[in-house]
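Hello,

Here is the structure I promised to pass on.

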Amino acid sequence: MLVVESQPQSKIAGVLFDLDNTLVPRKGWLRRVFKEFYKATPLLRASRSEEEVCSRLIEWDNDGDVDRASLYARALKAWPEIGGTPSEWVDWETQAIGSAIEPDDEVLLFLARLREFQIPWGIVTNGGARQRLKLAAAKLDGITPFSLVSSECGMRKPEPAIFREAMRRLGLVPAETVLFVGDDPDNDIVGAQGVGMATAWVRRGRQYPHGMPAPNMLIDRVNDLRPVLLQ
Ligand SMILES: [Mg+2]
């Protein structure tokens, strides 16, 4: 559902998307990765249920708010029988993500429509090399006009520089004509507001934090932006 909190100052002429939990929901692939983890740990399988292991890992993952080495260090502490080192498990997870992410036809169709409507767009994501794997697995790498990955460009959200670089790539000025779509109030919404962009926040069932400047729009999924962008 689309909720318009405040109309953008200008007609939207270009769109920037966050990746994780905006174009690619973590919820879908994360559980598939943890199920694979369970399959890959026979000694753990002997004593725990798949549901217990997956639930515990999802809890420790804290919606992605923990670095991967810390997550697997915690798993090793709780379940020493899994063996290996945190960094080996991080490498394992990176490989597993590639096959756990599935392309979302609805999202791909929506993005294809942006091209039909000649609306320039791109992806701006914080993270390392595995962001490229995600882009490929979600089949976004072949269709996105560009993607800025923080580890590659040496800038990260919410720094103004990465938003300005994205605007340069879009070829659009001024910033008010660009809509930034993301799920992170600080990195995505406040960051984009900082350079003067309009913003749409992906709610994921949450309330927007009190006391922070509100985004222009609240959405549940990117396709909710159809009436704003595709007419
Ligand atoms: Mg995100």
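Let me begin with the strands: β5 (residues 178–182) and β6 (residues 198–202) run parallel and are joined by four bridges. Strands here are DSSP E runs of at least two residues, helices are H or I runs of at least four, and both are numbered from the N terminus; two strands pair if DSSP finds at least two bridges between them. Within this pairing, L179 has A198 of β6 as its bridge partner.

Before going further, please note that this is a predicted model, where local features need pLDDT of at least 70, side-chain atom pairs count only at pLDDT 80 or more, and totals for chains, interfaces and linings use all residues. Residues are numbered from 1 along each chain as its sequence is written.

Strand β5 also pairs with β2 (residues 14–17), in the parallel sense and over four bridges; there, L179 is the bridge partner of V15. Is β5 covered or open? Five of its five residues are buried (20 or more other C-beta atoms within 10 Å of a residue's own, with C-beta atoms placed from the backbone). V178, F180 and G182 point one way, while L179 and V181 point the other way.

Now to the helices. α5 (residues 86–100) packs against α7 (residues 130–137) at an angle of about 15°, with the axes 8 Å apart (axes are lines fitted to C-alpha atoms over the stretch in contact, and angles run from 0 to 180 degrees between N-to-C directions). That makes the two helices roughly parallel, a term for angles under 35 degrees.

Best wishes

How values were computed:
Angles under 35 degrees count as roughly parallel, over 145 as roughly antiparallel, 65 to 115 as roughly perpendicular and the rest as oblique. A residue is buried if 20 or more other C-beta atoms lie within 10 Å of its own, exposed if 12 or fewer, and partly exposed in between; C-beta atoms are placed from the backbone.
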